Structure formats: structure tokens, C-alpha cells
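Trainee: I have a structure open and would like to go through it piece by piece. Can we start with a helix and whatever it packs on?

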Amino acid sequence: MFYSILGGTPIQKKELAAFFEDFNINGLISRARSLDRESDLTPLYQYMPESKEEIRFRRSVTEDLLNEAIHQAFSLYVRRIQEVKSLAKMGEFCGIPLQEKKYHLDELYHFHRALSELEQVLVREAKGFAIRELLDYISDYKASKEFQTWSSKVLELEEKIQGQTRYFSVSKNRVLVEDAPEEESVENRFARVFSFEEKKEEKTFDKRDRITLLEMRLAERIVDREKLDKPLSSLKKFQPNQVLMHMAEELPLYLSFFKVKKQLEEMGYEFCLPKEGESLEVQEGFDLGMALQSWEKNVVSNSFQMREGEHFLVVTGANGGGKTTFARMLGQVVYLSQMGLLVPAREASLPFYDGIFSHFSKEESTDTGRGKLKEELERLAPLMQEQKSNVFVVLNELFTTAASYDAEVMGNRVIDHFLEKNCTGIYVTHIQGLAKERPGIVSLVAELAGDHHTRTFLMARKPADQGEYEDSIISKYDMIYDRMKEVVGGGK
């Protein structure tokens with residue numbers, strides 16, 4: 001049974017999870033909003049599917065949207081439904097009964113047209129099971145007695161009313177109206193005849209929300225003569241299907257993301273639909289947030305594969321070497337995969353997770369006066385008290401203000417806690433001891449170039465090497481023995 005193009009029940013607004021800021025998802029939403037001109041996409045991006053079935057449903061929709069014909073059909077449908085809503089709003093506030101009936105007729109007519117146009121394309125182009133479910137729903141709806149009743153009336157009335165043309169002229173105090181073909185629009189004709197402005201040039205008069213008294217009297221005469229009032233009134237009890245109307249509010253999740261994707265693809269970045277796998281694997285993944293801040297391709301991509309029995313990546317290495325960027329990239333890949341969207345990578349395979357936790361280091365609070373370590377522990381506590389298992393966890397630079405020994409003890413306890421919960425994740429740290437080889441732990445190091453201080457921003461699978469980092473600082477600042485001896489002792 002089809003409920004939503006998002007694969008589940010209608011979305012409900014929730015508090016933004018911490019990872020929205022930590023993974024810079026807000027930057028993605030901001031760019032998507034600027035490209036799609038939507039007022040608020042946040043609720044769509046913050047509602048994550050709660051089951052594998054929902055995620056699979058969304059991925060099926062996403063895969064079909066790679067077909068340009070389907071993408072254009074859904075984009076047009078959203079615009080058509082916006083017209084439908086606009087007509088409903090004008091009818092609600094026009095204050096003229098006859099005009100209100102006409103607005104409602106137009107509302108139903110445009111909804112019928114939007115649905116028919118969409119269905120024609122989807123029947124011809126759709127391959128995935130998700131859109132096939134949508135088509136089954138549309139087919140059942142169109143076969144319903146309710147739809148059959150109002151749709152036939154709407155098409156008949158619309159054809160009859162659109163076929164009405166009147167020619168009028170003004171002579172002294174009389175307005176003469178008669179049947180005749182007229183090429184000029186009624187609105188332009190009324191405006192031209194009754195305008196007091198000097199006619200220096202031709203003007204086009206846009207559609208108005210309200211009709212004039214003369215127009216209303218003319219409309220009443222047509223309605224009375226053609227006996228249209230009763231059938232127009234009978235449509236009042238019918239409304240467009242709310243599930244299909246609401247779908248136009250959900251589609252911008254996919255459509256806006258595809259616009260961001262297209263913009264980045266033009267710069268040379270690649271996206272893929274992730275595959276279901278037993279473990280996490282990413283080939284040439286990149287940080288979406290950094291890519292969105294640039295106008296050319298200059299973000300380094302990274303690849304990684306977790307092997308059987310591996311659950312936690314501990315990333316060490318030189319400051320500024322790309323450790324946090326790598327952690328954020330993995331977080332984005334997991335988040336977008338869970339959302340059923342494409343991910344920023346050439347290839348990706350990963351299992352389903354039951355949630356995402358993140359904890360990124362923040363500056364000490366000047367408002368509360370609390371120390372950084374205390375705030376970190378207070379933010380970390382709710383995550384560790386959660387009863388969820390199989391969660392993807394991203395921990396970035398915890399306990400930086402604690403002594404090294406204490407930071408290592410606390411860090412190991414945090415990792416052990418999440419391992420016991422059968423969680424998968426990444427821990428970025430300056431404490432090499434946390435990367436010691438033990439079951440479930442993988443050590444990654446932010447690599448340096450051959451000069452031992454130039455950052456490559458690439459992560460390598462190897463034991464933590466404190467010496468390489470120290471050497472990078474020494475080389476960077478020219479603190480080798482002979483040079484120091486020369487500076488301090490003048491060469492003596």
C-alpha cells in the first residue's frame with residue numbers, strides 16, 4: 001500500500017540531531033534550498049527512515065529519478081500541484097460565490113491534468129518497485145467511484161466553459177453582448193474599453209484574483225443560460241486526493257538533492273547509489289561540505305574498506321592532515337545512504353544502521369563558565385545511555401583538555417562501550433594509544449608527503465606512528481640538530 005513517496009508515514013518534525021552540524025548537513029540544505037527555491041527543506045532532510053524497507057523504497061525512487069524523463073515529470077508535477085494549491089487559496093479568499101465555484105473547478109481540473117501527465121510518463125519509464133507501487137495507487141484511485149464522479153463532471157464543465165466566447169460593445173449607457181469568436185482575451189478587452197488612461201501603447205493585463213461587477217453579471221448570464229450552477233455546486237464536496245497532493249511536498253527532498261548533485265558533477269565530482277553490504281566500503285569519497293564551498297574540484301577523495309570483524313576506525317596523525325574531514329565524509333556517506341539518496345563517492349557499499357551518533361569537539365562555553373571537558377562529558381552521556389545497538393558513531397577529538405593518560409583511559413572506555421553495543425564508527429584522536437591493535441579496532445593515519453610535513457589529506461591503514469608526526473613538526477620549522485646548534489650557539 002502506497003502512503004508516501006518517502007516510503008513511510010508522513011514526516012513529523014523532530015529536533016535536529018547533533019550530526020546535522022557536525023557533518024555540515026546544514027550546508028547541503030542551504031545549497032539545496034537556494035537551487036530549489038523551497039522555503040524550508042529542513043524537515044525533509046531531518047526525517048530519517050526507521051526501517052530497511054523505507055530505505056530500500058527511497059533508493060528505488062532515487063534510482064528511477066536518474067532517468068531524466070522521470071525526473072522532469074516529477075518536477076513538472078510539483079509545479080502543477082503548486083498551481084492547484086494557489087487556485088484553492090484564491091477560491092478561499094475571493095468572497096464571490098460564483099467565482100469561488102470556478103476556482104474550485106479549476107483546482108480539480110489542474111489536479112486531474114497534473115496526475116494524468118505524471119502517470120503517462122511513469123507508466124512508460126518507471127522500472128523500480130517504489131514507483132510501481134505509486135502507479136498501482138494512482139490506478140486504484142482513478143478507478144474509484146469518487147474520482148469517476150468528479151473527473152467526468154470537471155472535464156465536461158471545463159470544456160463547456162472554455163468554449164464560451166462573448167463579444168461585447170458599449171453604446172451610450174448600454175453594454176451589448178452576443179455570441180461571437182473573439183481573438184482578444186476578455187481581460188484585455190475589458191481593460192481596453194473601460195480604462196481611463198490614454199492609450200499610448202498596447203498593454204497586457206495579467207490575470208486578476210477578483211472579477212468586476214460587469215464580468216460577474218456576464219458570468220451569471222452564461223451560467224444561467226447553460227444551466228451550469230447545479231453541476232458547479234455539486235463539485236464542492238470533492239477534493240484532490242490528499243496523499244497525491246502531499247507527495248508534491250515530499251518530492252523536493254529528491255529533486256533538490258539532484259540539483260546539488262548536478263552542480264557538483266559539473267565540477268567533476270562523482271555520486272553513486274550505495275549497495276547493500278555486510279561492511280562499510282567507500283571508494284573515492286569526498287567531503288560534501290568542503291566541495292560546496294568551492295567553485296572547482298579541489299577536495300581530496302579517500303577510499304576505505306572495513307574487513308570482517310572490524311568495527312571502529314581510530315584515526316591519528318598530524319594536525320591539519322584531514323582526519324576530521326575524513327570522519328565527516330564517512331558520516332555524510334552513512335547519513336545519505338540511510339536517507340535513500342545518492343552518496344558522495346564513486347562507489348559505496350554499507351549495511352543498514354539503526355541510527356547515527358556524533359560528537360565533535362566544541363570550544364569551551366563562555367556563557368556557562370563550564371570547562372570544555374565537563375561539557376564534552378555532558379554531551380557524551382546521553383549517547384552512551386541510549387539503548388540502541390547497531391548505530392554508526394562518529395567521535396572527533398574527545399578529551400583534548402585532559403591529560404594524555406586520562407584521555408586514553410576515557411577514550412578506551414567509550415570505544416569499548418560502543419563495541420559492546422555492536423556499533424560501528426570512527427574515532428579521531430591525538431592519542432596514539434587508542435589505536436593499539438586489538439579486536440575490532442583499525443588504525444588509520446593521516447599520511448604526510450616525503451618531506452614529512454606536507455599534508456596529503458589521505459588516510460592510510462597502518463599503525464599509529466607518533467615519530468612521523470614529531471618529525472613533521474621538526475622539519476616544518478627547521479628544528480634539526482645542526483640548524484638549532486647554529487641558531488643557539490652561533491655554530492659552536
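Trainee: Which strands does helix α15 lie across?
Mentor: This is a predicted model, and in it α15, residues 323-338, lies across β4, β5 and β7. The helix runs at about 115° to β4.

Trainee: What sheet are those strands in, and what is the order?
Mentor: An open sheet of 4 strands, ordered β3-β7-β4-β5, with mixed pairing.

Trainee: Which strands stand at the edges?
Mentor: β3 (275-276) and β5 (302-305) do. Each has a single partner strand, so one side of each is left without a neighbour in the sheet.

Trainee: How do β4 and β5 run, and how many bridges join them?
Mentor: They run antiparallel, and 3 bridges join them. Within that pairing, Glu281 has Gln305 in β5 as its bridge partner.

Trainee: What holds paired strands together in general?
Mentor: Backbone hydrogen bonds, in either a parallel or an antiparallel arrangement.

Trainee: In which sense do β8 and β9 pair?
Mentor: Parallel, over 5 bridges. Ser358 stands opposite Val394 in β9.

Trainee: Changing topic: how many residues does α7 have, and what span does it reach?
Mentor: Helix α7 has 14 residues, 129-142, and reaches 20 Å from its first C-alpha to its last. That is close to the 20 Å expected at 1.5 Å a residue.

Trainee: Which of its residues are buried?
Mentor: Ala130, Ile131, Leu134, Leu135, Tyr137, Ile138 and Tyr141. They cover an arc of only 160° around the axis, which puts them on the same side of α7.

Trainee: Last topic. How many salt bridges does the structure hold?
Mentor: 17. One of them is between Glu117 and Arg80, at 2.9 Å from N to O. Glu117 lies in α6 and Arg80 in α5, so the pair ties together parts 37 residues apart in sequence.

Trainee: Is Arg80 buried or exposed?
Mentor: Buried, at 15% relative accessibility, where the cut-off for buried is under 20%. Glu117, at 25%, counts as partly exposed.

Trainee: Which residue forms a salt bridge with Arg438?
Mentor: Asp416, with the closest N and O atoms 2.8 Å apart. Arg438 is in the loop between β10 and β11 and Asp416 is in α17, 22 residues apart. Arg438 is partly exposed at 25%, and Asp416 is partly exposed at 29%.

Trainee: Which residues do shared partners join into one network?
Mentor: Glu284, Arg346 and Glu347, through salt bridges.

Technical notes: Residues numbered from 1 in each chain as written. Predicted model: local features only at pLDDT ≥ 70, side-chain atom pairs only at ≥ 80, totals over all residues. Heavy atoms only, no water. Pairing = 2+ DSSP bridges. Helix = DSSP H or I, 4+ residues; strand = E, 2+ residues; numbered from the N terminus. Contact = heavy atoms within 4.5 Å. Axes fitted to C-alpha atoms, helices over the stretch in contact; angles between N-to-C directions. Expected span 1.5 Å × (residues − 1). Buried < 20%, exposed > 50% of the residue type's maximum accessible area, 1.4 Å probe, protein only. Arc of directions from axis to C-beta. Salt bridge = Lys/Arg side-chain N within 4 Å of Asp/Glu carboxyl O.
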